[in-house]
Amino acid sequence: MAKPMKLTCLACGAVNRVPSDKLGAGPKCGTCGEKLNDAKVHEIDAGVLAKATKNDDLPLLVDFWAPWCGPCRMMAPEFSKAAQALGPDARLVKINTEDHPKVSARNNIRGIPTMILYQNGREVARQSGAVPARAIEDFVRTKARVGA
Ligand SMILES: [Zn+2]
């Protein structure tokens, strides 16, 4: 039996339920029609972040970054590569802590870039500092339950 997994739409914030065996089949949001799981990095806002971290069953890796941060900008292409490599097994998103300053305090961010991995509505692990794509992928695969 494919159990339904909760995925927050990264565009409109609606919580969708997707059978686990359909995660790789291009599921779309029932509310706005955006793709829910396309192996691309999406920039989200504080509202979507709060919902997705609380609801999502699929591993969600959040990159807390800011435009003035050099290591953050260096890591951006690596983060995109990792999103491609992980495919439908996880979603990778970014939040700009300059545009959304409250998220840093709310999530205890002491330096950027910081990546926090969430699954089943809670924080699973976090890591600070810029790292290459392979290390980002390994971080998700070792800390989250992937493809369960
Ligand atoms: Zn939507």
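## K102 and helix α3

K102 sits in helix α3, residues 102-106. Helices here are DSSP runs of H or I with at least four residues, strands are runs of E with at least two, and both are numbered from the N terminus. With a relative accessibility of 62%, K102 counts as exposed; the cut-offs are under 20% relative accessible area for buried, over 50% for exposed and partly exposed in between, using a 1.4 Å probe and protein chains only. Along the chain K102 and A46 are 56 residues apart, and their C-alpha atoms are separated by 8.1 Å.

A word on the model before going further. This is a predicted model, in which local features need pLDDT of at least 70 and side-chain atom pairs count only at pLDDT 80 or more, while totals for chains, interfaces and linings use all residues. Residues are numbered from 1 along each chain as its sequence is written, and side-chain values use heavy atoms, with hydrogens and water left out.

## The sheet and strand β5

Let's turn to the sheet. Five strands make up an open sheet with mixed pairing, in the order β3-β5-β4-β6-β7. Two strands pair if DSSP finds at least two bridges between them. The edges are β3 and β7 (122-128), each of which pairs on one side only.

Strand β5 covers residues 91-96, and six of its six residues are buried. Both faces are covered, with R91, V93 and I95 on one side and L92, K94 and N96 on the other. Strand β3 (residues 42-43) pairs with β5 in the parallel sense over two bridges, and E43 has K94 as its bridge partner in β5. Strand β4 (residues 60-65) also runs parallel to β5, here over six bridges. Along this pairing L60 stands opposite R91, and W65 stands opposite N96. From β4 the chain crosses through helix α2 (residues 70-86) to β5 in a right-handed β-α-β crossover; right-handed means that, with the strands pointing away from the viewer, the path from the first strand over the helix to the second runs clockwise.

S80 and T97 are 17 residues apart along the chain, with 19 Å between their C-alpha atoms.

The largest nonpolar core has 17 residues, of which L61, F79, L92, M115 and I136 touch the most other members. Such a core is a set of buried Ala, Val, Leu, Ile, Met, Phe, Trp, Tyr and Cys residues joined through side-chain atoms within 4.5 Å. Two or more residues each come from α2, β6 (114-119) and α4 (133-143), and α2 gives the largest share, five residues. A second, separate core of 14 residues includes V48, L49, A52 and Y118.

## The zinc site

C9, C12, C29 and C32 coordinate the zinc ion through their SG atoms at 2.3 Å. Donors are N, O and S atoms within 2.8 Å of the metal (3.2 Å for Na, K and Ca), and water is not among the atoms, so sites may look incomplete. The donor residues follow the spacing C-x2-C-x16-C-x2-C.

The arrangement is tetrahedral because the four donor atoms subtend angles of 105 to 114° around the zinc ion; four donors count as tetrahedral if all angles lie between 85 and 135 degrees. C9 is buried at a relative accessible area of 0%, whereas C12 is partly exposed at 37%.

## Backbone points to check

Most residues other than glycine have a negative phi, and most peptide bonds are trans. N108, which is not a glycine, has a positive phi of about 60°. N108 is found in the loop between α3 and β6 and is partly exposed, with a relative accessible area of 45%. The loop between α3 and β6 also contains P113, and a cis peptide bond with omega of about 0° joins I112 and P113.

N120 lies in the loop between β6 and β7. Its phi is near 55°, a positive value in a residue other than glycine, and at 37% relative accessibility N120 counts as partly exposed.

Methods. Tetrahedral: all angles 85-135°; square planar, octahedral: opposite > 155°, others 65-115°.
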